[in-house]
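Colleague: I would like a close look at one part of this model. Please keep it brisk.

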Amino acid sequence: MREENMNVIRLNVESVASIDSLLWTGSYHMLAEKLVPITVKLTTNWLQLDRANHCESFHMNEIASCTVLSNDEIDRRPYSTRCLKTKDLSISENGAGLRLIIYANSMNSENDVSSGKSRHHRQIIELLIDIHTDYGDNMNEAQLFQSKISSLIHTGHSNTKPVLIILNPKSGKGQAQREFENKIKPILDDCNVKYHLLITKHARHASEFIESNSDLANSYSALATVSGDGLLNEVLNGFVKMVENSEYKHIPIPLSIIPGGSGNGLAHSINSLYLNGNKSTNSLLDCTFHMIKGQPKKMDIVRITSPTKVYYSFLSFGWGLMSDVDIESERLRFLGEPRFTIWSIFRSFMLRTYPGELYYLPFDNQNGNKEPIPPLDTPITDKQWVVVKDKFVLVYAAYQKYLNSTCKFAPDAELDDQTIYLLYIREGVSFFQIIRFLLALEDGSHTEIPYVQFIPVRAFRLLPANSNDIVTVDGEVIQCSPIQAEVVPGMASILLRNCS
Ligand SMILES: Nc1ncnc2c1ncn2[C@@H]1O[C@H](COP(=O)(O)OP(=O)(O)OP(=O)(O)O)[C@@H](O)[C@H]1O
């Protein structure tokens, strides 16, 4: 029986052993004041702790570590006094100890239940393994259990090489460094994760670092950013020269993102995939655990060419209303994410139009669009391409589900579905129609609005008539010029835990 709350699929405890094969079971005691008896069951995915009147199950994704306690760490105040409280005189004084650190998700109060809010709690559970009379035998049992559960907990990408974490101290409201010290570092320490931290000193610091270290994949198991989408875009583009000049067209190291910015589209998108469409109630913690326990999952990259430059993009391309909002709202950065809503309303009042030509190749499920895409400087002659020459209110393309926590742009997007979700609105719409569109972005229902064109494509070409419009890639401004965008399937990989 499964009961789904906001963040993790919790199991009704009696079913743990019935869905997974039972790997371990033991009757021990809690190494707390009252030494209460506890039955421990371990399956491939779940740990069940059953004490009198209180039974809990924890998914392996939630368990940070299991360590064997040294003799000195065990509280050996006279057991007899403590045992008398439970009337259990069978407790051996030669028990060995185990410490489990768990980040479980729970609903604490009636308020939490009614609001659907769950909270992550760091719990330390200490067990006394005391089934033998001899300390050595108990210690053996503790070590065996520890090695069994550790092999299930540490399913991550590497246990040997450190993770390179690049942090943008200017992300979002400028809190990323504090969030790292207070929230992320303690989890890394609990999980015994080795890492190197690079705090950027200026824009382009991260890409310069990547360009001057061609051997990152040998030195690090993964590259994570604590930032908004902008720094990850910078990181990705730090690989452009290397990848473009190489035979192997892929980013050589798994990527990861821990949200610290004002957009955080990729973080919300991967959490939604992990949580079967639900929103994370603690995106920072969920993403930290993806970085620690995740496996590399293939992610498409969109290769954008302009007459002078190649850009790699993992999230979005924009021209018109939505890009204007993204960039012009910078002046309200101190507000965090609400800046987008406020500026959207303002910009919709002062609606602009953008003349240009848009060409796109619709995604063809049946024939798979196998033909090569013509280069930007050659005319498009293939009849499968569609051409729109008009004045637009906006053209926007994305390849992830979410652009930020409140904008579900491409409800069906997957990490590696080889699809660009292209959206455009032509001129002639009213203020109210634009507001309706912007509101509908929240639940993804904009895809059904008749004046909104929403098309899965494999590639597109945009020729803006003006040269000074705002054009964005992953929320970062690029020079306005003719561009062409094409999916490169599975070119990068991103760390993601297996769905529970
Ligand atoms: N130390 C730094 N000082 C100033 N800018 C930086 C620094 N490090 C990185 N940047 C740049 O800041 C930009 C935005 O970074 P990031 O995505 O982390 O923050 P953000 O608040 O989400 O920003 P936005 O939502 O505007 O993209 C990126 O273009 C990145 O290159």
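Which residues make the nonpolar surface patch of about 410 Å²?

Modeller: Bear in mind that this is a predicted model. The patch is made by Ile 345, Phe 346, Phe 349 and Met 350. Together they form a nonpolar surface of about 410 Å². Take Phe 349. It sits in helix α13, which spans residues 338-349. Its relative accessibility is 59%, and exposed means over 50%, so Phe 349 counts as exposed.

Now a contrast from another helix. Ser 323 belongs to helix α12, residues 321-328. Its relative accessible area is 0%; the limit for buried is under 20%, so Ser 323 is buried. Beyond its neighbours within four places in sequence, Ser 323 is in contact with Gly 318, Tyr 396, Ile 470 and Thr 472.

The largest nonpolar core has 87 residues. Those that touch the most other members are Leu 223, Val 235, Phe 239, Leu 394, Phe 409, Ile 425 and Phe 437. For Phe 239, again leaving aside neighbours within four places in sequence, the contacts are Ile 210, Leu 216, Leu 223, Ile 251, Pro 252, Ile 253 and Tyr 312. A second core is separate and holds 27 residues, including Tyr 360, Val 388, Val 395 and Ala 485.

Last, the setting for the patch. The protein chain has 500 residues, and 56% of them are buried. Its accessible surface comes to about 22200 Å². Carbon and sulfur atoms account for 50% of that surface. The chain contains 14 helices and 25 strands. Of its contacts with a separation of 6 or more, 74% join residues 24 or more positions apart.

Definitions and conventions. Residues numbered from 1 in each chain as written. Predicted model: local features only at pLDDT ≥ 70, side-chain atom pairs only at ≥ 80, totals over all residues. Heavy atoms only, no water. Core = buried A, V, L, I, M, F, W, Y, C linked by side-chain atoms within 4.5 Å. Buried < 20%, exposed > 50% of the residue type's maximum accessible area, 1.4 Å probe, protein only. Contact = heavy atoms within 4.5 Å. Patch = residues over 30% accessible without salt bridge, like charges linked within 9 Å, V, L, I, M, F, W, Y side chains within 5 Å. Areas by Shrake-Rupley, 256 points an atom, 1.4 Å probe, with all protein chains shown as cover. Salt bridge = Lys/Arg side-chain N within 4 Å of Asp/Glu carboxyl O. Helix = DSSP H or I, 4+ residues; strand = E, 2+ residues; numbered from the N terminus.
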